[in-house]
Amino acid sequence: MPMNDHFGPTGRELRFKDKLRVMNWTLVALITSVCCIGFALLYSVAGGSFDPWAERQIVRFGVGISIMLAIALIDIRTWFALAYPIYGVSLLLLTAVEFVGRTGKGAERWIDIGPLQLQPSELMKIALVLALSRFLHGILLEDVSRPTRLIPALLLVMIPAGLVLIQPNLGTTTILVAGGLGLIFLAGLSWKIILPVVALGVAAVPLGWEFALKDYQKQRVYTFLEPDRDPLGAGYNILQSKIALGSGGLFGKGFGEGTQSRLNFLPEKQTDFIFTVLGEEFGLFGLLILMGLYLAILAQGVTVALDTRSQFGRLVAMGICLNFLLYILINTAMSMGLIPVVGIPLPLVSYGGTALLTVLIGFGMLLSVQIHRGVDIPRSAANLI
Amino acid sequence: MMDGRDSVRYRAFTRRTALLSGGTLGLFALLSGRMFQLSVLQREQFATLAEDNRVNLQLLAPRRGRVYDRFGVELAKTSQNFRVLLIPEQAKNIRATLERVAELIPLSAPRIQRVLRDVREGKAFNPVLVAEGLDWNDFAKININTPELAGIEPDMGELRSYPFGPWLSHVLGYVSGITDKDVAREPELLSLPGFRVGRSGVERAADDALRGKPGAAQVEVNAHGRVIRELSRREGTVGQDVVLGLDMEVQKLTQEKLAGQSGSVIVMDVKTGAIISIVSAPGYDPNAFTTTVTSALWKQLNDDPLKPLLNKAITGMYPPGSTFKPVVALAALASGRMSPTARVHCSGATSLGSHVFHCWRKGGHGSMDMHLAIKNSCDVYFYECARRTGIDEIAKMCHKFGLGQTYGLEIPGEKSGLVPNPEWKQRARKDIWRDGDTYNVGIGQGALLTTPLQLCVMAARLANGGKAVIPHVIRSFGGVERVMPPPEDMGLDPAHVAIVHSGMDAVTNQGGTGARSRIGIEGFEMAGKTGTAQVRRLTADLRGRSADSIPWQFRDHALFIAFAPVVEPRYAISVVVEHGGGGSKTAAPIAKDIMTLVAQRDPARQPLFVPPARIEPAPEAKA
């Protein structure tokens, strides 16, 4: 059936060539630009050398971007169909990792894909977006808030989140929970539920502090609240990061001139604190450029979501955007001493194959949504497994 | 298919997306505000902190001053120390690297073990000493092979060396690396790599002058404190050169004369108090102490019966024996209780109550006046002399001659000896002073104890007619000659001095007890006084036996004091040979040979060496 509304072609008639033509190349270019900033910083923190970080990161990017494009070209209905199986496999792997992890084989927490590795917890970030989007796709707006629908949706989020939390990996748990709840919110959860829960949540903070947080996690919070108390101990990371950012000034110390990072005062400079390196070497100017690029990517993502015919596609696009946003917010806020130190990399910039691959796969999904934005998926299709 | 229900939820989705996007923009604005706050508003503060992180002030050890003798012979120098260092983090396989080094230069297995231990205990970027004190050949071998020896760094450090080794050990002392105690006293020493501190002798006494002032370098360091590069530097001041009053030639001869013996010789300028030679034999090699002293060496030095570690010249205390008689004579004359011409008959012994006091000469000397009594060292005469003078007058004269005191010599460790008197005996021995005690002091025995340095000062003050010269070894600091205050006059009657001088002249030049040690140089005749100090109360069976037949440790100490020339004396000498037998047999000939050399060189009248000014850069900043 021909579709003539503004959502464009339904996708049945899309050929390979068309897909390439339709693809949002602006988004691909933006992603590549941010990655290039990452390469430059990795080159700089290695003391002006491609070895050991920049070189490998470039190779990983090459593999990752190919996977992204491959995923983008696959029909959105395929992803719709595979959503639950992928989620199921991810959950299985996550459980298996827990089991194997306990017997002490740390190396098996990884799945190797060429030069890249994928952790089940990373895979779960994508799987959850797919599965939750599919589940919510089949629910009418007025049904979202019904317990019979809401509780399964919440279980979809909380089961993997719980498994990741006991790893323990607070950063990924945060992203899973916040991303999942964000999707339920976008699907139209009633304010009558949201507002009381938020109020209850705020009230429960002291209880959570007392019973849920482990000592080292509490310590992180203390340190965050008062980093100067122990400048050589636990407060060291935050303090040195702030020093690096602050001493960069408006335009920074220059490429390769960051004393804090080059002289190793900055911890984890190539991974979690690479934002700080950018600030030290390129100043406020450099930071704002990166934040601008991130905003542009997010804007592209939101545009894709709003331009998509299927609720599934819309939610997948926004789910990916939410994940990406959470990475950015957590990492930058941590680098600037606004929230406690959490091991979350700066997306597309930090050194590390796992996070890069996860983000690129996510953007592959986003692009698949974008290419197949006219495709119609009946609401009832969600009920078929 | 698009239907009404879908449209409803699409509209809801759009509203919520807009809300979320708005929230996102708000958060981005918040983050940008924080960035602005850090990098613009608080920039100054953080820039300062970053600079503090980056820049360290590193002190640079100054070169230590040299020590010269009065003619400019270098006695203690600061020489290049060719070392091999290992920087663990730069080495691929530390053991293999060390084994390769051992093929090039001598490197013992225990030394390799030690290096491996240091590597384990230290930080990976801190250099570990592999070998030092290499000769140029070995050092060159390492240098040539550095390309294949990753982590090995040839290095030129500073090494204090003493070219004359044991000949000057007790004068110069030595330097060694800083200890925890030093750091407790001077915490800044910790930041001076390879710094060495004077431990004894002149090295310790003149440490402040020799050290100089450390320079400083601003260096960039990384978070582990490793130096990345030098930013600026301020040169330190090199240590002052020190010139001693010693004449190394005299010192060498003295050392030769005492070879195999345990004893001391001191030669002094009687006008200034400058020490021309001061030897305590045997010595030890101070070069062994500048690095780590092995326990084997330490044990060997400690167990040696000749006690090489003791500086006997200033710490050895001996009864002065007959060398003390001139002082007794002067005390007697000054007290007016003994006329120089009064005669005492010596029959070989005199009795006091039930106790018999012997003269060293069994048959006695016959009738003795003061001149003859000094010449022949008649004990009986001096028993009588002491009895008439009394202990208080003798003690007073002792103090004028500098006995029973220290002089603040620039060689730490002087002992004050002992000048006994009734109060001392009451206090120390809970006993009253008896005439017999006075008799014993009269011949330099009993409780009277003197150091060889005191004997030399005594001889010098006799020689210069009663000027209280103070002995010293350092003549100039940094080329500036020390001004010594003119010696105090001791208030001796020149006529009395002349009587004692003539007696001492007769000892060596007119067939007295030192006649065999006469110096035949006209105008440089030597006047002296022999002495023999009892090591223990001689038992009847030992008395009269030849020295050679008595076990070494029971033999008497041989002593001799002298000055020369007889007319207008310039040099004084004291010789103590432990267990050397008699003073005339063992000690006086040594004095003769030394004073003969002194006569030829006449060091006191030669101009003092002025060390050349030195401008040398401080060593490079090191991690």
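How many helices and strands are there in chain A? In this predicted model, chain A contains 14 helices and 2 strands. Chain A comprises 385 residues, of which 49% count as buried. Its contacts reach across the sequence: of those between residues at least 6 apart, 75% join residues at least 24 apart.

Helix α8 of chain A spans residues 191-211, a run of 21 residues. From its first C-alpha to its last, α8(A) reaches 29 Å, close to the 30 Å expected at 1.5 Å a residue. As for its surroundings, a residue counts as buried when 20 or more other C-beta atoms lie within 10 Å of its own.

The description now turns to the meeting of the two chains. Here 42 residues of chain A are in contact with 37 residues of chain B. On the chain B side, α1 (4-41) and α2 (43-54) each supply at least two of the residues that touch chain A. The largest share comes from α1(B), which provides 22 residues. Sorted by class, this side of chain B has 19 nonpolar, 11 polar and 7 charged residues.

Definitions and conventions
Residues are numbered from 1 along each chain as its sequence is written. Chains are lettered from A and ligands numbered from 1 in the order in which they are written. This is a predicted model: local features need pLDDT of at least 70, side-chain atom pairs count only at pLDDT 80 or more; totals for chains, interfaces and linings use all residues. Helices (H or I, at least four residues) and strands (E, at least two) are DSSP runs, numbered from the N terminus. The expected span of a helix is 1.5 Å times one less than its number of residues. Two residues are in contact if their C-beta atoms, placed from the backbone, lie within 7 Å. Ala, Val, Leu, Ile, Met, Phe, Trp, Tyr, Cys and Pro count as nonpolar, Asp, Glu, Lys and Arg as charged, and the others, Gly among them, as polar. A residue is buried if 20 or more other C-beta atoms lie within 10 Å of its own, exposed if 12 or fewer, and partly exposed in between; C-beta atoms are placed from the backbone.
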